[in-house]
Amino acid sequence: MTTIGIIGAGHIGSQVARKAVELGYDVVISNSRGPETLTDLVAELGPRARAATAAEAAAAGDFAVVTVPLKNYRDIPVEPLAGKVVIDTNNYYWERDGRIPALDKGEATTSGLLQEHLPQSRVAKGFNHIMAKDITTDGSPAGTENRRALATASDYPDAAKLVTRLYDEFGFDTVNIGRLEDSWRVERDRPAYVKRQNAGELKDNLARAPRTI
């Protein structure tokens with residue numbers, strides 16, 4: 001059975017964990033405050049889930065989901081994630097994260113920053129442009145008319161393929177943007193951000209995205 005290491009137990013992390021457990025995955029989840037603060041969540045998730053430190057969650061996962069505030073991305077453990085696919089849900093909220101000039105100038109992307117921090121991992125964008133509550137409620141079977149689509153991007157085809165598979169299991173179609181350098185197209189305040197859209201609409205919105213906001 002595949003184990004997902006989830007680093008960050010906020011709205012997105014908790015919802016990914018809920019859906020993953022429902023689908024039969026094992027989950028090891030962490031936050032910045034310590035495993036003892038996740039007792040209620042783990043009790044809700046059931047026997048397929050356990051709480052751990054970030055390093056333990058990273059080590060336990062066959063792949064990982066990183067869902068922490070962008071300002072904390074350098075705290076993500078590096079060595080336990082070496083050789084693994086890491087799905088990055090980060091968005092840049094300068095009001096929370098402080099100004100990051102490389103992002104403001106369109107010289108970097110949020111997931112690209114995480115990839116630089118994790119040079120031995122294979123980072124893929126995922127779950128960054130959907131409201132947390134919709135992760136467990138808005139999916140539908142493959143082939144459903146007007147099925148909601150989500151975007152991914154990665155410099156590694158196998159990482160994008162893993163996100164595509166996970167999206168499908170969660171009930172979503174996938175649009176692959178391409179490399180991480182182009183993942184800005186689905187970041188905050190662009191046309192595709194937190195909108196319900198099918199694959200065709202998502203492709204159109206990605207194409208209309210401005211490089212800087």
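Me: Before anything else, what does "contact" mean here?
Reply: Contact means that heavy atoms lie within 4.5 Å. Keep in mind that this is a predicted model.

Me: What does the C-alpha trace span along its principal axes?
Reply: About 45 × 40 × 30 Å.

Me: How much of the chain is buried?
Reply: Buried residues make up 54% of the 213. As for the accessible surface, it comes to about 9500 Å², and 49% of that belongs to carbon and sulfur atoms.

Me: Switching to charges: how far apart are the mean positions of the positive and negative ones?
Reply: They're 2 Å apart, taking 27 positive and 29 negative charges.

Me: Now Val175. Where is it found?
Reply: Val175 sits in strand β8, which covers residues 173–178.

Me: Is Val175 buried or exposed?
Reply: Buried: Val175 has a relative accessible area of 6%, and the cut-off for buried is under 20%.

Me: Which residues does Val175 touch?
Reply: Leaving out residues up to four places away in sequence, Val175 touches Ala149, Leu150, Ala151, Thr152, Ala199, Leu202, Lys203 and Leu206.

Me: And how far is Val175 from Gly34 in space?
Reply: They're 35 Å apart, C-alpha to C-alpha, and 141 residues apart in sequence.

Notes:
Residues are numbered from 1 along each chain as its sequence is written. This is a predicted model: local features need pLDDT of at least 70, side-chain atom pairs count only at pLDDT 80 or more; totals for chains, interfaces and linings use all residues. Side-chain values use heavy atoms; hydrogens and water are left out. Buried means under 20% relative accessible area, exposed over 50%, partly exposed in between (1.4 Å probe, protein chains only). Accessible areas come from the Shrake-Rupley method with a 1.4 Å probe; for residues, only the protein chains shown count as cover. Lys and Arg count as positive and Asp and Glu as negative; His and the chain ends are not counted. The place of a charge is taken as NZ of Lys, CZ of Arg, CG of Asp or CD of Glu. Helices (H or I, at least four residues) and strands (E, at least two) are DSSP runs, numbered from the N terminus.
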